[in-house]
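This report describes selected backbone and packing features of the structure shown below.

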Number of protein chains: 2
Amino acid sequence: MDKPVILVTNDDGINAPGLIRLTEIVRSIGKVSVVAPEHSMSGTSHAITARNPLRLRLIDKEDGYEKYACNGTPVDCMKLGEQIVLRRKPDLLVSGINHGSNAAINILYSGTMAAVLESTIVEVPSIGFSLSDYSMNADFSPCEKYIRLIIDKVLENGLPQDVCLNVNIPAVNSDEIKGIKVCRQAHSRWVEKYDERKDPANRDYYWLTGVFELGDNEEDTDEWALRNKYVSVVPVHFDLTAHHAISKIKKWNMNV
Amino acid sequence: MDKPVILVTNDDGINAPGLIRLTEIVRSIGKVSVVAPEHSMSGTSHAITARNPLRLRLIDKEDGYEKYACNGTPVDCMKLGEQIVLRRKPDLLVSGINHGSNAAINILYSGTMAAVLESTIVEVPSIGFSLSDYSMNADFSPCEKYIRLIIDKVLENGLPQDVCLNVNIPAVNSDEIKGIKVCRQAHSRWVEKYDERKDPANRDYYWLTGVFELGDNEEDTDEWALRNKYVSVVPVHFDLTAHHAISKIKKWNMNV
């Protein structure tokens with residue numbers, strides 16, 4: 001089989017150490033095109049750029065490898081990577097390695113995972129990788145073994161239709177990681193508390209701060225896996241329908 | 001019972017006719033606080049603002065009604081509305097009326113629906129309303145009867161835990177609307193095609209364009225309902241886990 005064509009993106013931006021590490025790993029597996037945001041786009045979720053023109057800046061190109069920075073969001077990067085850079089569907093999209101957890105409710109805010117979902121919509125096998133350490137100096141070396149294994153499994157087995165993977169790796173030493181758990185998204189939320197300040201002109205402004213709150217103590221969740229030093233793998237899809245609620249709401253009498 | 005406290009937001013911005021119409025409707029039902037983006041934030045999805053300070057600009061305030069513009073995203077508006085403007089949970093959040101459909105895959109890109117999901121996370125009953133007409137001059141009058149009915153039902157029955165509603169209204173005359181269908185998100189995607197141009201300095205740039213593609217002909221979807229002149233009501237949740245895929249992926253041998 002020819003080497004797989006792999007598209008790489010992230011939301012921490014083109015210079016993030018996590019992206020550089022992920023790129024190194026996949027360059028040993030396939031032909032690699034990196035298209036990542038010029039700057040950090042953390043927390044941009046599934047935002048797209050429709051009102052401004054998009055640009056690609058070539059950074060590096062050699063046989064089997066090319067790297068572009070893009071002025072758009074992670075979702076824009078995925079789309080431009082497929083449509084303009086590759087002009088074909090990649091065989092695999094990988095996003096990350098995110099600096100910080102995208103487990104539990106964090107997936108909703110994550111640009112890293114939004115690129116993965118966008119790629120799933122166009123039927124490209126797609127995986128997001130995150131390390132539970134927000135630091136730019138995070139040690140990504142424990143990730144490599146698991147990233148290689150999961151990519152191998154996806155290339156070997158494919159993924160179920162419309163399903164991608166949200167992989168989170170605990171920030172512990174390599175020899176402390178106990179293995180891989182396939183699990184579900186934990187029920188959780190951020191409890192926000194705005195830091196309320198006054199500017200020099202005495203006008204109010206607010207900084208978003210928050211504390212993560214886990215409302216789910218079951219052992220089949222990604223948070224449980226991470227807290228117990230497992231790599232969590234959550235199969236994710238883009239159908240937001242609460243199917244179990246359809247029959248309940250049908251019982252309301254809404255005939256007009 | 002006291003009048004319900006209702007928080008209103010959108011993604012088309014504080015001056016959008018759809019927001020003004022929705023505000024008029026809910027002012028006859030409860031005490032209303034509007035917190036909406038200063039400018040259009042269409043397509044911002046679940047983005048949050050953590051790196052810039054947020055501000056609120058008071059536009060109007062009278063007994064039982066207040067209106068603020070915010071420099072943040074729809075999700076920021078919902079959070080600031082709860083935490084700074086109301087300093088309590090509202091009894092209901094409504095978002096919209098969106099100028100354009102948020103049915104099918106559009107929900108993923110929608111700031112209107114992201115605000116609804118964010119509000120659901122903090123256990124506020126929440127509804128997003130959209131009219132399938134992108135025009136700023138859209139005729140919102142057919143919406144009113146259905147918006148009132150659905151709000152009444154939610155205030156009367158509550159919503160299942162962690163579930164909100166994505167309501168889409170077809171852009172047809174009032175007397176053509178056949179009724180309400182409770183349904184699921186249609187399987188669909190946008191097939192993108194970038195419009196490739198050169199700027200005056202001969203540098204490439206790209207405009208995002210796309211065509212909506214429905215890959216789902218079943219009659220239980222929101223797209224079917226809208227195309228057949230029904231108002232669609234999809235119960236939505238924030239658990240992205242593809243539960244049906246967990247057992248399949250567990251069968252991969254990922255022991256290390």
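B:Ile97 is found in strand S5 of chain B, where strands (E, at least two residues) and helices (H or I, at least four) are DSSP runs numbered from the N terminus. The model is predicted: local features need pLDDT of at least 70, side-chain atom pairs count only at pLDDT 80 or more, and totals for chains, interfaces and linings use all residues. Residues are numbered from 1 along each chain as its sequence is written, and chains are lettered from A and ligands numbered from 1 in the order in which they are written.

A cis peptide bond joins B:Gly96 and B:Ile97, with omega about -15°. In chain A, the bond from A:Gly96 to A:Ile97 is cis as well, with omega near -15°. Most residues other than glycine have a negative phi, and most peptide bonds are trans.

A:Ala104 is buried, with 27 other C-beta atoms within 10 Å, whereas B:Lys229, with 14 C-beta neighbours inside 10 Å, counts as partly exposed. A residue is buried if 20 or more other C-beta atoms, placed from the backbone, lie within 10 Å of its own, exposed if 12 or fewer, and partly exposed in between.

The buried residues of H4(B) are B:Cys143, B:Tyr146, B:Ile147, B:Ile150, B:Ile151 and B:Val154. They cover an arc of only 130° around the axis, which puts them on the same side of H4(B); the arc is that of the directions from the helix axis to the C-beta atoms. Just after H4(B), B:Gly158 takes a positive phi of about 70°.
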